[in-house]
Amino acid sequence: METTRHFTATTYVVHDGECLLHDHDRLGMLLPPGGHLDRDELPREAAMREIHEETGLDVTLLEPETSIDADFGRELAPAEHTMLYDIDSFDGEVAHQHIDFVYYGEASDRDLAPDDGERVTDCWRWFSPDELRTHDGVTEEVVTLGIEAIERVESRPRNRD
């Protein structure tokens with residue numbers, strides 16, 4: 001059986017020491033904003049589009065350092081993590097996978113305004129590290145990545161205008 005793979009982008013959005021998650025209706029778990037890359041998108045572009053569509057928030061993605069110069073191309077800023085998820089399997093064989101580019105970002109505020117057709121504002125909630133650790137609907141992976149995102153955003157240098 002051939003395995004079909006799709007590229008996705010996910011962003012752990014942080015504001016004031018808390019991470020934003022929503023109740024994913026189909027999967028029945030709490031997840032950050034994200035979704036499939038469109039054919040003409042790079043991963044960071046898809047991450048930003050998904051954040052805007054799903055939350056309406058103004059988010060700045062953390063910008064990892066890059067250092068490679070190329071004559072015929074450019075280095076893309078890497079994701080914080082790149083994950084491989086088995087989505088569908090039949091008779092013990094994986095049929096569909098997602099290659100997920102995971103980003104961390106900082107929201108300028110908490111004013112949610114999802115696009116029409118997206119999960120409504122009441123489906124979203126901000127979680128502190130302690131709440132991530134103790135909430136029943138949060139997987140170990142989301143706890144780990146959510147807390148890491150909070151720590152990375154909170155520890156980054158700020159402009160002192």
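The following legends describe close-up views of a predicted model.

Residues are numbered from 1 along each chain as its sequence is written, and side-chain values use heavy atoms, with hydrogens and water left out. Because the model is predicted, local features need pLDDT of at least 70 and side-chain atom pairs count only at pLDDT 80 or more, whereas totals for chains, interfaces and linings use all residues.

View 1. Helices (H or I, at least four residues) and strands (E, at least two) are DSSP runs, numbered from the N terminus. Strand β7 comprises residues 93-107, and 13 of its 15 residues are buried; buried means under 20% relative accessible area, exposed over 50% and partly exposed in between (1.4 Å probe, protein chains only). Two strands pair if DSSP finds at least two bridges between them. β1 runs parallel to β7, with eleven bridges, and Tyr 12 stands opposite Tyr 104 of β7. β6 and β7 run antiparallel and are joined by nine bridges; here Phe 90 has Glu 93 as its bridge partner in β7. Strand β5 (residues 59-61) is also antiparallel to β7, over three bridges, and Val 59 is partnered by Ala 107.

**View 2. The surroundings of His 96.** His 96 is in strand β7 and counts as buried because its relative accessibility is 17%. The His 96 side chain makes polar contacts with the side chains of His 6, at 3.2 Å, and of His 98, at 3.3 Å. A polar contact is a pair of N or O atoms within 3.5 Å; within protein, one must be able to donate a hydrogen and the other to accept it, and residues adjacent in sequence count only if both atoms are side-chain atoms. Leaving aside neighbours within four places in sequence, His 96 is in contact (heavy atoms within 4.5 Å) with residues including Thr 3, Thr 4, Tyr 85 and Asp 88.

**View 3. Two aspartates with positive phi.** Most residues other than glycine have a negative phi. Asp 16, in the loop between β1 (4-15) and β2 (18-24), has a positive phi near 50 degrees. Asp 16 is exposed because its relative accessible area is 61%. Asp 91 has a positive phi of about 50 degrees and belongs to the hairpin of β6 and β7, which has two residues between the strands. With a relative accessible area of 82%, Asp 91 is exposed.

**View 4. Nonpolar cores and Tyr 104.** A nonpolar core is a set of buried Ala, Val, Leu, Ile, Met, Phe, Trp, Tyr and Cys residues joined through side-chain atoms within 4.5 Å. The largest contains 19 residues; among those touching the most other members are Tyr 12, Cys 19, Tyr 104 and Val 142. Contributions of at least two residues each come from β1, β2, β3 (29-31), β7 and α3 (140-155), and α3 gives the most, with seven. Not counting residues up to four places away in sequence, Tyr 104 touches Tyr 12, Leu 61, Leu 145 and Ala 149, among others. Apart from this core lies another, of 17 residues, including Ala 9, Leu 37, Ile 51 and Leu 57.

View 5. Cys 19 is in no disulfide, and the nearest cysteine sulfur, that of Cys 123, is 16 Å away. Cys 123 is likewise in no disulfide. Cys 19 is buried, with a relative accessible area of 0%.

Methods: A disulfide is a pair of cysteine sulfur atoms within 2.5 Å.
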